[in-house]
Amino acid sequence: MKIFALSWLAGLSIMLLAAQPARAALSVLACEPEWAALVEEIGGDRVRVSSATTAKQDPHRIEARPSLIARARSADLLVCTGAELEVGWLPLLQRESGNARIQPGKPGYFEAARHVTLIDKPQIVDRSMGDVHAAGNPHIHLDPRNIARVADALAARLAQVDVANAGHYAERNRDFQQRWLAAMARWEARGAPLKGAPVATHHKNLNYLASWLGLKAVITLEPKPGVDPSVAYLGEVLARVKDRPVKMILHANYESPRASRWLSERSGAPAVELPYTVGASAAARDLFGLYDDLLARLPGALK
Amino acid sequence: MFKRTLMASAIATLFASPAHAVPDAEWAAMKDEIRQMKSAYEARIAELESRVKAAETKAAVAEDKAMESASRPSPAASASNTLNPDISLILQGRYHNAEGDGHITGFLPAGHAHGSEKGFSIDHTELVLGASIDPYFRGHANFAIADGEVETEEAWVQTTALGHGFTVKGGRFLSGIGYTNELHPHAWDFANQNLAYAAMLGERYGQDGVQVKWVAPTPVFLEFGAEAGQGKDWGDKNNLGSYALFAHVGDDLGDSHSWRAGLSYLRARADGREGHWDDDNDAEAESLFNGRSRYWIADFVWKWAPDGNPRYRNFKFQAEYLRRSESGELECEDNAADGGACAGGIAGDYRARQSGWYAQGVYRFHPEWRIGYRYDRLNIGSVNFGPEFSGVLSRPSFTPSRHSLMLDYNPSEFSRLRLQLAQDKAEQGLSDNQLTLQYIYSLGAHGAHKF
């Protein structure tokens, strides 16, 4: 007992000493890679950012792993989507980290979804409808107009949390907005032929992309959000797709391609895997690369 | 052919005849009247059309507005609903087929054991409430409801604004020792608790007291905790006799692996802890223990998910080792009619050092299906009864163990159906093949589960 107590105290004091090194940059923990990329765009060298999830993970289903608690412990700012996307794990990180700065309601907790208009807001919120998000569809980052809006709000929040570098963030945001606007014009031109094309999607996570490009997301492969499609259900989808053909079957890279391939083989429409976020493909190194890749794959599959 | 020509000429005559009969002036007046009627109607139709158009645009505008207000980010949702605590209700029930009644040979029980009822039964229904109290505290309560009783399993407040990695929890809570201890039955991977916890901790150890936790500001997860309180079930209610210390360390290995290891120490004072022991006449003697219990627990959890995405496939390995040392005074009592050796009551010294461990693996091979295996083993260790108990109570020479195999089906995150088969050799002289069918449903705002 005594030995344990002593080693416990020794461990504690070593840790306290280890905690001393001065913080050079603002430490930011982003819940998803897209927000980590945006923080990098706006923060530059004044922030040190890491993402809690990778592009290969489903942001709905993440475990509150010890490593994430450790990272949340030292974060000055959490940048997340909100709108209940991270409800299964983020509250635990906030609670277990013992970090007062990142609690709900504090400036150190930034929710992107609060700064954009959400689509697909359900009329009735009931679990019988599957994994519904009462606040609306949280997969906002696949509409570049939302990225621009969130960037403005994020620059303001960075300036609030790190007053000393407020000018730096504002300057970088202006620069980012200019480049983003120019890139958006390029993407919209490339995506023009997609307007009005009916598509099937695996989950509702591509709906913002569809609404921006004017794609008609006429059917989802999941019977209900978050519920994997059975073969029987896919049969129904196939019947409807044969009745009203779609041009493409889209799914995000972190979702199993099996359902999309099954439908593609039987309906003739190509199955297209889309990089869902930054890091999901070799080209999607940053937000610009992500949209470049999306707007290369989509018109390519239309032909 | 002939008929049709005849009819046509007849009609022609009919039409032609009035024109011939009406004078020109009247004819003109009629034409004029018709023209007037026509223009009046046209005017009225135009007016109606414009009214319809106006109504349509109005409706469209209203619809747009409605859509906008529906999808606008609404920072201020209606307060009456959002200020309610998160409420969840957990329904669990089962069918259990077994020969024994969950008796474990060679260990003085510490607190009540979970239901081992046979046949159909509902386990405790759990009602969980939790919310932020204000910017400084969070509150949480867990009530286990059974026939005729409501047990407060947890009721605590926790700080959220201390910062620097510190959190303080006060009230009744499940102790942070070990790994499984903080989990409620609905979060267990098997239908019952592991043998080591069941034999030595009364399945879970609750505290009425205070807990301080500190997370170190290191890239590797390091957490230290200390508790002071009174054990919930069998602790000394008049003395602060229950202290716990624990340390956790954990990290990731690449994107696919993560782990946590822990070491915990618990010292508790037992005040009239009730139990039972098979005496030398093979009768079950009631026992009361007063004394000191010390526990060491080592725990380890490792989880694997391809690329860190656990949805389609994942694996969880978990193992714990428990050691309990006890010394104090034991009283035993039993019914003379049973021929019990303790008849009339005997008191004497009691000292024991015992241990147990389990290891389990659970594999999700499909988004909806998991399969798991667990092995439990106990070591009765050294059990020394005072001379007063000579010929009355003695240490059995036996090693309790159990194999469990489970398969569960999870149509969603909120429902689980489980089949468990076990070969239970925890009671001396009984090799019990058990079958359990179980359901666990969680209704309402179910909070996130710990790693």
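**Briefing: strands, cores and one buried threonine**

In chain B, strand β16 (residues 415-425) runs antiparallel to β17, and ten bridges join the two. This is a predicted model, in which local features need pLDDT of at least 70, side-chain atom pairs count only at pLDDT 80 or more, and totals for chains, interfaces and linings use all residues. Residues are numbered from 1 along each chain as its sequence is written, chains are lettered from A in the order in which they are written, and side-chain values use heavy atoms, with hydrogens and water left out. Helices (H or I, at least four residues) and strands (E, at least two) are DSSP runs, numbered from the N terminus. Two strands pair if DSSP finds at least two bridges between them.

**Chain B: strands around β17**

- B:Arg418 has B:Gln438 as its bridge partner in β17(B).
- β16(B) and β17(B) form a hairpin with six residues between them. In its turn, B:Gly429 has a positive phi of about 80 degrees.
- Strand β1 (residues 86-97) of chain B also runs antiparallel to β17 (residues 432-444), joined by ten bridges.
- B:Gln92 stands opposite B:Ile440 of β17(B).

- Strands β5 (residues 149-159) and β6 (residues 166-174) of chain B pair in the antiparallel sense over four bridges.
- B:Val157 stands opposite B:Gly170 in β6(B).
- The hairpin of β5(B) and β6(B) has six residues between the strands, and B:Gly163 there takes a positive phi near 75 degrees.
- β6(B) also pairs with strand β7 (residues 206-215) of chain B, in the antiparallel sense over nine bridges.
- B:Lys169 stands opposite B:Gln211 in β7(B).

**B:Thr160, in the loop**

- B:Thr160 lies in the loop between β5 and β6 of chain B.
- B:Thr160 counts as buried because its relative accessibility is 16%. Buried means under 20% relative accessible area, exposed over 50%, and partly exposed in between (1.4 Å probe, protein chains only).
- A polar atom of the B:Thr160 side chain lies 3.3 Å from the backbone oxygen of B:Pro135.
- Leaving aside neighbours within four places in sequence, B:Thr160 is in contact (heavy atoms within 4.5 Å) with A:Ala100, A:Gln103, B:Pro135, B:Tyr136, B:Phe137 and B:Arg138.

**Chain A: a parallel sheet**

- An open sheet of four strands has the order β6-β5-β7-β8 in chain A, with parallel pairing.
- Its edge strands are β6 (216-220) and β8 (271-274) of chain A, each pairing on one side only.
- The twist averages 35 degrees from one strand to the next. Axes are lines fitted to C-alpha atoms, for helices over the stretch in contact, and angles run from 0 to 180 degrees between N-to-C directions.
- Strand β5 (residues 198-201) of chain A runs parallel to β6(A), with four bridges joining them.
- A:Ala200 stands opposite A:Ile219 in β6(A).
- Helix α10 (residues 287-302) of chain A lies across β7 (248-252) and β8 of chain A, at about 175 degrees to β8(A).

**Nonpolar cores**

- A nonpolar core is a set of buried Ala, Val, Leu, Ile, Met, Phe, Trp, Tyr and Cys residues joined through side-chain atoms within 4.5 Å.
- The largest has 61 residues, and A:Leu38 and A:Trp180 have the most contacts inside it.
- This core draws at least three residues from each of domain 1 (23-185) and domain 2 (191-302) of chain A.
- A second, separate core of 41 residues includes B:Leu108, B:Ala268, B:Ala285 and B:Leu393.
- Among the contacts of A:Trp180 beyond four places in sequence are A:Pro144, A:Trp187, A:Phe288 and A:Tyr291.

How values were computed:
Domains from an automatic or database assignment. Polar contact = N/O pair within 3.5 Å; in protein donor to acceptor, adjacent residues only side chain to side chain.
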